[in-house]
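Please locate each named residue or element as you go.

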Amino acid sequence: MAKILFVNPIVREEDVPRHIPYGIALLASICINRGHKVQVFDANAWRLSDDFLYQVLDADDWDIIAIGGLTTTYGHIKKIVKIAKHNNPTTPIVAGGGFLTSMPREIMQWLPEITYGVVGEAFETFPELVETIKDSSNSINKVKGIVYRLKGEIKLTPVRPLIKDLDDLPWPAWDLFPLEEVYFKNSSSLFSEEAYISKRRIDINGSFGCGLICRYCWHLGTTGDMIIGQNASGNDDVQFTFGRHVRMHSPRYLVDMVKHLRNTYNIDFVNFLDENLMTVNTSSRYKWLSEICELWIAEGLQPKSRKEKRSVSAEDAGDGVYFSGTSHASLHYPEILEKMYEAGCTHLVYGLESFDPKILKDLGKGSTRKNNIESVGVCLNSGIKPIPNIIVGFPDETYSSVRNTISALIELGIHAKPHFATAYPGSEWFNAFKHEIIKQYNGNLENYILDLGDATKITATISKHFTPAELLGLQTLIANKDLRNLGLSEQYANKTKDISTSFFGENPEWNFKASKEKTPIAQSTSKVLTTNGK
Ligand code: B12
Ligand code: SF4
């Protein structure tokens with residue numbers, strides 16, 4: 001038995017905490033099932049001073065301190081591991097999740113306080129690592145899917161096969177998180193009336209993976225997209241590919257989980273964290289979402305307003321379980337959207353990104369200008385609110401591509417303030433533009449990682465034709481749908497600069513391989529997850 005302290009770092013400091021960290025909640029549950037003693041310090045939820053972290057670190061004789069999150073939590077993780085190492089110098093610190101998986105060698109170099117890193121899917125790796133650390137007769141280098149140090153050198157073990165059946169996973173340990181004190185208070189969002197009246201929302205994850213290959217996206221090494229090989233310098237390293245295993249929970253597992261959440265915590269809303277519900281539905285040959293919706297209704301989760309086919313009002317809060325998620329402009333169909341609406345779906349996020357045909361083609365999104373334009377009406381007709389996401393500053397963005405986006409926004413009568421194209425670690429863009437990013441940060445890649453946020457500000461520019469100042473202006477012109485000033489800007493630019501040349505080119509790094517090589521998937525059900533029962 002090990003005593004494990006999980007620390008959830010702060011994410012999106014400018015906003016209130018809205019999302020229970022699903023990965024940590026699952027790992028905590030798996031470890032409890034295996035007989036370990038687990039505690040969570042949810043630094044993101046509590047937002048307390050460092051004094052409290054010291055108190056938590058002193059509160060017990062922890063055998064392992066575990067920390068992880070997405071790349072943008074790097075700055076806070078850096079601070080926490082320094083405090084933890086200083087306060088508990090002999091306790092191993094284990095890190096995992098997106099921030100580490102995207103660049104394990106660099107993270108181990110920058111943060112010498114981390115003892116071991118879990119690379120990619122952690123469901124089997126983490127408990128096995130914990131048990132190996134506790135039982136010193138086992139050797140660390142036998143644990144697949146980790147990064148560690150040997151005589152000062154950074155080593156990666158072979159890739160961990162992905163678990164075959166997601167339904168082997170226990171339900172997350174929600175009770176270790178401050179639901180009443182923090183998360184339920186931040187349930188409401190402005191995306192739809194039903195989301196606005198929500199008082200008790202919890203997020204759930206129905207699947208891992210997405211069959212598409214958008215160049216700015218990344219799948220956390222948990223969807224078949226990661227292999228381990230020797231990089232250009234002959235060192236073990238991660239390589240991300242177009243390989244995919246799209247895995248999904250059965251509708252029965254998901255609906256039972258939501259029923260349990262309804263019975264235990266009286267929830268009124270779930271947000272699906274899935275990368276993209278429609279691409280997963282396509283991988284299931286269009287059955288998955290239909291079956292979820294049918295079961296949702298059959299098991300009594302359908303909200304009353306939907307049963308009675310009427311609009312929702314404030315008094316309807318808690319009359320069933322509404323839900324939201326992500327959609328795709330060319331893979332959603334009226335029949336499935338209508339079914340989702342009937343079951344309780346309120347809004348879907350659409351990564352439309354651009355309305356320029358060439359930008360969309362180069363992006364790997366699998367949608368066209370026509371799909372994007374039509375998708376808004378198709379979704380609205382079903383009763384579900386589409387929430388469009390737009391990006392400015394693509395590598396090949398031009399005045400003409402921006403014009404195509406603005407004209408579509410005008411045609412649709414919708415408003416969007418675009419995010420800036422940002423190369424997050426792990427993505428194809430990051431690897432294509434890494435040299436340029438490092439140059440823009442005066443040779444210091446870590447400063448770039450520390451600077452990353454939610455793409456509402458400019459970090460490194462990957463646009464070959466626009467300066468950062470121009471991109472800021474273009475963002476405003478798109479938000480204001482201002483074709484007049486766009487035209488003037490183009491005229492001036494044509495006079496003063498040679499727009500046919502690029503500021504820089506793509507220079508692909510070893511860590512991305514545009515081929516379909518896949519992480520292996522386990523041949524049988526997980527022994528680690530099933531031996532100790534749910
Ligand atoms: C929920 C979520 C968020 C939440 C954060 C939730 C939280 N408390 O951490 C919010 C809404 C704040 C968010 C914001 C953003 N997100 Co986000 N988000 C997600 C999302 C949808 C789900 C994450 C999740 O829970 N997955 C399910 C769990 C089971 O997976 P997991 O967390 O990865 O955990 C597994 C492993 O990674 C590992 N693990 C995780 N934690 C730990 C900890 C330890 C100790 C160990 C050992 C292992 C481990 O174990 C788990 C099992 O294998 C993912 C997409 C996806 N479906 O995964 C994107 C994703 C993580 N987000 C992403 C991005 C780009 C963003 C934004 C930048 C988007 C934007 N433009 O605004 C912002 C950043 C905001 C900011 N300022 O920091 C990228 C990650 C890019 C990167 N290189 O890190 C993802 C992958 C989306 C994508 N496909 O591109 N996000
Ligand atoms: S559709 Fe969404 S999840 Fe899939 S690759 Fe593109 S951005 Fe990523």
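Helix α21 lies largely in the open, because the number of buried residues among its 14 is one. This is a predicted model, which should be kept in mind throughout.

**Helix α21**

**Helix α18**
- Helix α18, made of the 13 residues 428–440, should span 18 Å at 1.5 Å a residue, and this agrees with the 18 Å that separates its end C-alpha atoms.
- At K434, α18 bends by about 65°.
- The buried residues of α18 include E428, W429, F430 and K434, and what covers the buried residues of this helix includes α19 (445–451) and β18.
- After α18 comes N442, a residue whose phi is positive, near 50°.

**A sheet of three strands**
- Strand β18 also belongs to an open sheet of three strands, in which the order is β10-β11-β18 and the pairing is mixed.
- The edge strands of this sheet are β10 (226–230) and β18 (512–513), each of which pairs on one side only.
- Strand β11 (residues 236–241) runs parallel to β18 and is joined to it by two bridges, and T241 stands opposite K513 in β18.

**The largest nonpolar core**
- In soluble globular proteins, nonpolar side chains tend to be buried together.
- The largest nonpolar core here has 142 residues, and those that touch the most other members are L5, F6, A28, I65, I67 and V270.
- Helix α1 (residues 22–33) gives the most to this core, contributing six residues.
- When residues up to four places away in sequence are not counted, V270 touches R201, I202, D203, I204, V258, V321 and F323.

**Around ligand 1**
- Ligand 1 is surrounded by 43 residues, of which the closest are G23, G68, T72, G96 and G97.

- Is V402 buried or exposed? With 28 C-beta neighbours inside 10 Å, V402 counts as buried, because the cut-off for a buried residue is 20 or more.
- V402 is found in helix α17 (residues 399–412), and, leaving aside neighbours within four places in sequence, V402 is in contact with V392, E397, L474, I478 and L486.
- Although V402 and S354 are 48 residues apart along the chain, their C-alpha atoms are separated by 8.1 Å.
- F191, which is found in the loop between α8 (179–183) and α9 (193–196), has 17 other C-beta atoms within 10 Å and is therefore partly exposed.
- The contacts of F191, leaving aside neighbours within four places in sequence, are S324, H347, K385 and I387.
- F191 and K164 are 27 residues apart in sequence, while their C-alpha atoms are 35 Å apart in space.

Definitions and conventions. Residues numbered from 1 in each chain as written. Chains lettered and ligands numbered in written order. Predicted model: local features only at pLDDT ≥ 70, side-chain atom pairs only at ≥ 80, totals over all residues. Buried ≥ 20, exposed ≤ 12 C-beta atoms within 10 Å, placed from the backbone. Helix = DSSP H or I, 4+ residues; strand = E, 2+ residues; numbered from the N terminus. Core = buried A, V, L, I, M, F, W, Y, C linked by C-beta atoms within 7 Å. Contact = placed C-beta atoms within 7 Å. Pairing = 2+ DSSP bridges. Expected span 1.5 Å × (residues − 1). Bend = angle between axes of the 7 residues up to and from the residue. Near = placed C-beta within 6 Å.
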